Amino acid sequence: CKILRCNSEYVAATLHLRGPSRGAAFCTALRSYSLCTRRTARTCRGDLAFHSAVHGIEDLMIQNNCSKEGPTAPPRPRAPAPNPHVFESLDICDYERSFLYKHGRPPHFQHCAAFGDPHIRTFHDDFHTCRVEGSWPLLDNDYLFVQATSSPVAKGSNATVTSKLTIIFKNMKECIDQKVYQAELDNVPAAFQDGSVNGGARPGGSSLVIWERSPGQHVEIRADYIGTTIAVRQAGRQLSFSIRTAEEVARAFTEEQDLQLCVGGCPHSQRMSRSPRGRGRVPAETARALCREMLPVEDVYFQSCVFDVVTSGDTNFTMAAHGALEDARLFLPDAEKLHIFQ
């Protein structure tokens with residue numbers, strides 16, 4: 001019984017018909033629907049959906065003064081074979097739609113984050129705490145360059161925090177002009193450096209947009225032309241960075257672009273233990289109690305929160321870890337990988 005096909009063809013034919021002027025076209029669609037049901041009558045005799053459709057058509061034809069005789073819509077033509085070149089010219093600035101059209105499936109996505117001390121969650125779900133000071137690339141590929149600048153969290157401390165983020169969206173054909181976004185402590189703008197809030201005057205300029213989620217504290221940058229969303233936050237005296245990006249984009253780099261914290265994590269010489277040693281600025285138990293209020297699951301986000309509060313004495317670091325966890329909840333393609341336990 002193919003009554004479901006008849007139903008879907010009727011819905012598709014009438015979806016765009018609205019208001020009193022739909023008359024003739026609506027009657028044509030009803031007659032086509034009726035013809036389709038008659039063709040399936042033999043195989044659908046015992047199907048409740050079939051009998052419901054037949055009675056529904058009769059009622060609708062009476063309500064809309066449709067005659068049973070008259071034109072019916074010709075059968076819908078088969079979709080032409082995909083022509084990637086035609087599609088590319090129309091939809092190159094919508095990465096997800098283009099990928100689905102070309103490959104018959106949605107793209108795979110990856111997530112990376114840098115927050116707090118900084119702690120790095122890589123695309124491969126490795127988790128490191130770094131003492132990196134100065135400027136280090138989080139990403140460096142054919143589409144994006146992201147650099148984090150770190151400085152000591154407190155005088156005399158080995159721990160550092162991100163105090164500046166520079167994000168470069170590289171020039172891409174008819175989609176966008178090159179755009180630079182820069183955030184510093186107490187300056188998280190809702191615009192690119194040139195004052196614009198999108199990708200420029202090219203046909204696909206709207207495929208890169210900045211949204212202000214919380215004034216001066218949280219912005220989201222959507223780069224639909226590369227299937228990427230970036231969140232930048234300030235919590236206390238630190239900046240955090242989170243990204244969800246298409247796997248194909250994350251992998252678009254050469255051997256020369258080998259230093260990327262989102263790809264390989266911190267260099268071994270720059271990794272730190274998350275077990276605070278020596279005298280902290282806040283007792284460990286106090287820090288654990290504060291962090292537990294925001295992060296009830298004692299995973300690496302919780303451990304990072306405790307480390308940061310003990311090391312810095314700044315309780316705002318609870319918000320940094322909480323924000324990173326919330327971004328991961330939104331950005332991770334696999335919800336089961338949200339929590340990492342070490």
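1. A residue counts as exposed when its relative accessible area is over 50%, as buried when that area is under 20%, and as partly exposed in between. Take Arg-251 to see how this works: its relative accessible area is 55%, so Arg-251 is exposed. Please keep in mind as you read on that this is a predicted model.

2. Let us stay with Arg-251 for a moment. Its side chain meets that of Glu-247 in a salt bridge, with 3.5 Å from N to O.

3. How many salt bridges does a search of the whole structure find? The search gives 16. Some of them share partners: Glu-285, Arg-288, Arg-292 and Glu-298 are joined in this way into one network.

4. Here is a pair to find in the 3D view: Arg-244 and Glu-96, whose side chains form a salt bridge at 4.0 Å, N to O. The two residues are 148 residues apart and link distant parts of the chain, with Arg-244 in strand 11 (residues 238–246) and Glu-96 in helix 5 (residues 95–103). Arg-244 is partly exposed, at a relative accessible area of 22%. Glu-96, at 35%, is partly exposed as well.

5. Another salt bridge brings together the side chains of Asp-194 and Lys-179, at 2.7 Å from N to O. This pair also links distant parts of the chain: Asp-194 sits in the loop between strand 7 (179–184) and strand 8 (208–214), Lys-179 belongs to strand 7, and they are 15 residues apart.

6. Next, look at Asn-141, which lies in the loop between strand 4 (134–140) and strand 5 (144–152). Why does Asn-141 count as buried? Its relative accessible area is 1%, and buried means under 20%, so Asn-141 belongs in that class.

7. What does Asn-141 touch? Its side chain reaches the backbone oxygen of Val-249 at 3.3 Å. Apart from neighbours within four places in sequence, Asn-141 is in contact with Lys-170, Val-249, Ala-250, Ala-252, Phe-253, Gln-257 and Gln-260.

8. Strand 4 and strand 5 are the elements that give two or more residues to its lining. Among the lining residues are Trp-136, Leu-138, Ala-148, Ser-150 and Leu-261. By class, the lining has eight nonpolar residues, two polar ones and no charged ones.

9. Ala-148, one of the residues lining the largest cavity, is found in strand 5. Ala-148 is buried, because its relative accessibility is 6%. Leaving out neighbours within four places in sequence, its contacts include Gly-134, Trp-136, Leu-138 and Thr-162. Of these, Trp-136, Leu-138 and Thr-162 also line the largest cavity. For a sense of scale, the C-alpha atoms of Ala-148 and Ala-335 are separated by 27 Å, and these residues are 187 residues apart along the chain.

Notes:
Residues are numbered from 1 along each chain as its sequence is written. This is a predicted model: local features need pLDDT of at least 70, side-chain atom pairs count only at pLDDT 80 or more; totals for chains, interfaces and linings use all residues. Side-chain values use heavy atoms; hydrogens and water are left out. Helices (H or I, at least four residues) and strands (E, at least two) are DSSP runs, numbered from the N terminus. Buried means under 20% relative accessible area, exposed over 50%, partly exposed in between (1.4 Å probe, protein chains only). A polar contact is a pair of N or O atoms within 3.5 Å; within protein, one must be able to donate a hydrogen and the other to accept it, and residues adjacent in sequence count only if both atoms are side-chain atoms. Contact means heavy atoms within 4.5 Å. On a 1 Å grid over the protein atoms alone, a cavity is a set of points where a 1.4 Å probe fits but cannot get out, and a pocket is an open set with protein on both sides within 12 Å along at least five of seven lines; lining residues have an atom within 4 Å of a point. Ala, Val, Leu, Ile, Met, Phe, Trp, Tyr, Cys and Pro count as nonpolar, Asp, Glu, Lys and Arg as charged, and the others, Gly among them, as polar.
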